[in-house]
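Have the sequence and the 3D view open as you read.

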Amino acid sequence: MTAEQLWERYTEMATEQFIDLEEFCRKAAAGELGEPVDGSALTAFLRRVESMMLANIETKLQEAPHLGPMREAAVERTQQEIARLIQRFGSP
């Protein structure tokens with residue numbers, strides 16, 4: 001399964017119900033989503049998720065500038081979480 005296929009599957013599952021990102025990665029790494037997924041595909045998928053999450057933070061700040069002081073912490077948390085998931089499931 002490619003990173004693009006993972007993204008499509010993740011967004012499909014997320015529209016049906018909440019799906020925890022770590023649980024999705026665990027299932028993907030274990031081959032529970034159909035095809036086995038290698039670490040490089042999971043890393044590319046997680047980098048895409050990270051990019052979308054960081055863009056969402058910036059969008060929220062445009063909508064609510066008073067949240068500006070929380071930007072740095074939100075970005076740092078996001079980057080740390082993605083790094084942790086890549087360490088666990090991907091290829092750093």
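## Before you start

This is a predicted model, so to speak plainly about limits: local features need pLDDT of at least 70, side-chain atom pairs count only at pLDDT 80 or more, and totals for chains, interfaces and linings use all residues. Residues are numbered from 1 along each chain as its sequence is written, and side-chain values use heavy atoms, with hydrogens and water left out.

How confident is the predictor? The average pLDDT (the predictor's confidence in each residue, from 0 to 100) is 93, and 99% of the residues score at least 70. Confidence is lowest in α1, with a mean of 93, and highest in α4, at 96.

## The overall fold

The protein has four helices and zero strands, giving the pattern α-α-α-α along the sequence. Here helices (H or I, at least four residues) and strands (E, at least two) are DSSP runs, numbered from the N terminus. The C-alpha trace spans about 45 × 30 × 20 Å along its principal axes.

Of the 92 residues, 35% are buried; buried means under 20% relative accessible area, exposed over 50%, and partly exposed in between (1.4 Å probe, protein chains only). Take contacts (heavy atoms within 4.5 Å) between residues at least 6 apart in sequence: 65% of them join residues at least 24 apart. The accessible surface comes to about 5,800 Å², and 52% of that belongs to carbon and sulfur atoms. Those areas come from the Shrake-Rupley method with a 1.4 Å probe; for residues, only the protein chains shown count as cover.

## The nonpolar core

In soluble globular proteins, nonpolar side chains tend to be buried together. A nonpolar core is a set of buried Ala, Val, Leu, Ile, Met, Phe, Trp, Tyr and Cys residues joined through side-chain atoms within 4.5 Å. The largest one here has 22 residues, and Leu6, Leu21, Phe24, Leu42, Phe45 and Leu46 touch the most other members. At least two core residues come from each of α1 (3–16), α2 (21–29), α3 (39–63) and α4 (71–89).

In α2, the buried residues are Leu21, Phe24, Cys25 and Ala28. Seen down the axis of α2, they fall within an arc of 100°, so they line one face of the helix. The arc is that of the directions from the helix axis to the C-beta atoms. Cover for them includes α1, α3 and α4.

Helix α4 buries Ala74, Val75, Thr78, Ile82, Leu85, Ile86 and Phe89. These cover an arc of only 100° around the axis, which puts them on the same side of α4. Their cover includes α2 and α3, while the face turned away carries the exposed residues Glu72, Arg77 and Gln87.

## Two residues to look up

Is Glu50 buried or exposed? Glu50, in helix α3, is buried, with a relative accessible area of 10%. Not counting residues up to four places away in sequence, Glu50 touches Gln79 and Ile82.

Ala73 sits in helix α4 and is partly exposed, at a relative accessible area of 38%. The C-alpha atoms of Ala73 and Phe18 are separated by 24 Å, with the two residues 55 apart along the chain.
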